[in-house]
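Have the structure open while you read.

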Amino acid sequence: AGDAAAGEKLFEQEHCNGCHGTKAKPPAKFPNLFKIKWNDQEYEEAFALIKKGKSPMPGYADKLNDKQIADIIAFVKKEK
């Protein structure tokens with residue numbers, strides 16, 4: 001379980017909102033993370049995707065540790 005408050009800061013700091021938007025302003029082109037029905041499988045897939053990347057999304061393993069990735073996912077889940 002991550003820290004949603006820390007995740008919110010990281011979501012902005014790492015410019016996730018540039019592609020994925022916000023709850024109030026959904027993205028036009030990329031997946032809307034705020035509409036996902038989060039379950040264990042979705043969580044694991046999101047964690048791996050953030051860490052390793054998958055075109056066109058870059059991986060963040062060199063920028064974020066596992067706790068920070070969990071924090072970002074906790075924020076997105078909370079905002080749903």
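## Cysteines, then the fold

The sulfur of Cys-16 has its closest cysteine sulfur in Cys-19, 8.7 Å away, which is too far for a bond. Keep in mind that this is a predicted model. The cut-off for a disulfide is a pair of cysteine sulfur atoms within 2.5 Å, and by that rule the count comes to zero disulfides.

Cys-19 comes out as partly exposed, at 37% relative accessibility. Tyr-60 is another buried residue, with a relative accessible area of 15%. Side by side:

| Residue | Relative accessible area | Class |
|---|---|---|
| Cys-19 | 37% | partly exposed |
| Tyr-60 | 15% | buried |

Staying with Tyr-60 for a moment, you'll find it in the loop between helix H3 (40-52) and H4. Leaving aside residues up to four places away in sequence, Tyr-60 touches Glu-14, Ile-50 and Lys-51. Lys-78 is 18 residues from Tyr-60 in sequence, and their C-alpha atoms are 21 Å apart.

Now for the helices. The protein has four of them and zero strands, so the pattern along the sequence reads α-α-α-α. The radius of gyration is 11 Å, close to the 12 Å that the globule rule gives for 80 residues, so the protein is as compact as a globular protein of that length. The C-alpha trace spans about 25 × 25 × 25 Å along the principal axes. As for burial, 32% of the 80 residues count as buried. Among contacts with a separation of 6 or more, 53% come from residues 24 or more positions apart.

Which way do H1 and H4 cross? The axes of H1 (residues 4-13) and H4 (residues 66-79) come within 7 Å and cross at roughly 100 degrees, which makes H1 roughly perpendicular to H4. On the H1 side the contact is made by Ala-4, Ala-6, Gly-7, Glu-8, Leu-10 and Phe-11, and H4 brings in Gln-68, Asp-71, Ile-72, Ala-74, Phe-75, Val-76 and Lys-78.

Methods: Residues are numbered from 1 along each chain as its sequence is written. This is a predicted model: local features need pLDDT of at least 70, side-chain atom pairs count only at pLDDT 80 or more; totals for chains, interfaces and linings use all residues. Side-chain values use heavy atoms; hydrogens and water are left out. Buried means under 20% relative accessible area, exposed over 50%, partly exposed in between (1.4 Å probe, protein chains only). Axes are lines fitted to C-alpha atoms, for helices over the stretch in contact, and angles run from 0 to 180 degrees between N-to-C directions. Helices (H or I, at least four residues) and strands (E, at least two) are DSSP runs, numbered from the N terminus. Angles under 35 degrees count as roughly parallel, over 145 as roughly antiparallel, 65 to 115 as roughly perpendicular and the rest as oblique. Contact means heavy atoms within 4.5 Å. The radius of gyration is taken over C-alpha atoms; the globule rule is 2.2 Å times the number of residues to the power 0.38.
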